[in-house]
Amino acid sequence: MLEVRIDVASLTRAKSGAVWGGVWLESELGAIPQAGWQDLVAGVLEHWGEQLILLRETPTVEFRFFDGPYGFVCERKGDVLSVVFWSRGPWKPPAKPMLV
């Protein structure tokens, strides 16, 4: 199972109006990119929501974290999603896609 985690206690609003806080994914593989990952929470969730809608029209969609070189690709095959995590930094994604 893949879960989206939000650390509600960490949410803060910058002077610009942007909402920062902990947002990450949890799976049996652990936290991705890491537990407590700080990012633009509202922006990340809006982006992911838009990408989920795209999965109706296209079988492969990329999802990104905003603050850092991390993301994942979802590939839809019928009712099954394969999720492959990627990084352009030191974090190493799992070698095999994870079925959700």
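Select Arg-5 and Glu-3 to start: their side chains meet in a salt bridge, with N and O 2.7 Å apart. The term salt bridge is used here for a side-chain nitrogen of Lys or Arg within 4 Å of a carboxyl oxygen of Asp or Glu. Side chains of opposite charge can pair when their charged atoms come close. Before you go on, please note that this is a predicted model, in which local features need pLDDT of at least 70 and side-chain atom pairs count only at pLDDT 80 or more, while totals for chains, interfaces and linings use all residues. Residues are numbered from 1 along each chain as its sequence is written, and side-chain values use heavy atoms, with hydrogens and water left out.

**Salt bridges**

Keep Arg-5 on screen: this residue is partly exposed, with a relative accessible area of 35%.

For another one, select Glu-62 and Arg-64, whose closest N and O atoms are 2.7 Å apart. Glu-62 counts as partly exposed at 30% relative accessibility, and Arg-64 counts as partly exposed at 34%. Then move to Lys-77 and Glu-75, where the N to O distance is 4.0 Å. Is Lys-77 buried or exposed? Lys-77 counts as exposed, at 56% relative accessibility, whereas Glu-75 is partly exposed at 33%.

**A nonpolar patch**

Now show the surface and select Val-4, Ile-6, Val-8, Leu-11 and Leu-45, which make a nonpolar surface patch of about 390 Å². Patches are made of residues with over 30% relative accessible area and no salt bridge; like charges are joined within 9 Å, and nonpolar side chains (Val, Leu, Ile, Met, Phe, Trp, Tyr) within 5 Å. The areas come from the Shrake-Rupley method with a 1.4 Å probe, and for residues only the protein chains shown count as cover.

Strand S1 (residues 3-13) gives the largest share of this patch, four residues. Helices (H or I, at least four residues) and strands (E, at least two) are DSSP runs, numbered from the N terminus. Leu-45 sits in helix H1 and counts as partly exposed, at 36% relative accessibility.

**Into the core**

Next, hide the surface and select Leu-25, Trp-48, Phe-63, Phe-65, Phe-72, Cys-74 and Phe-85. These residues have the most contacts inside the largest nonpolar core, which has 17 residues. Which elements give two or more residues to this core? They are strand S2 (19-27), helix H1 (41-54), strand S5 (60-64), strand S6 (70-77) and strand S7 (80-87). A nonpolar core is a set of buried Ala, Val, Leu, Ile, Met, Phe, Trp, Tyr and Cys residues joined through side-chain atoms within 4.5 Å.

Zoom in on Trp-48, which is buried with a relative accessible area of 6%. Leaving out residues up to four places away in sequence, Trp-48 touches Val-4, Leu-25, Phe-63, Arg-64, Phe-65 and Phe-72. Contact means heavy atoms within 4.5 Å.

**Aromatic rings**

The structure holds five aromatic pairs. Select Trp-37 and Tyr-70: their ring centres are 5.0 Å apart and their planes are at 90°, so the pair is edge-to-face. Rings of Phe, Tyr and Trp (its six-membered ring) pair if their centres lie within 6.5 Å; planes under 30 degrees apart count as stacked, over 60 as edge-to-face and the rest as tilted. Trp-37 lies in the loop between strand S3 (30-32) and strand S4 (38-40), and Tyr-70 lies in strand S6, 33 residues apart. Both residues are buried.

Now select Trp-48 and Phe-72, an edge-to-face pair with 5.4 Å centre to centre and 70° between the planes. Trp-48 lies in helix H1 and Phe-72 in strand S6, so this pair ties together parts that are 24 residues apart in sequence.

**Last stop: Phe-66**

Finish with Phe-66, in the loop between S5 and S6. Phe-66 counts as partly exposed, at 40% relative accessibility. Beyond its neighbours within four places in sequence, Phe-66 is in contact with Asp-39, Leu-40, Gly-43, Val-44 and His-47.

Technical notes. Buried < 20%, exposed > 50% of the residue type's maximum accessible area, 1.4 Å probe, protein only.
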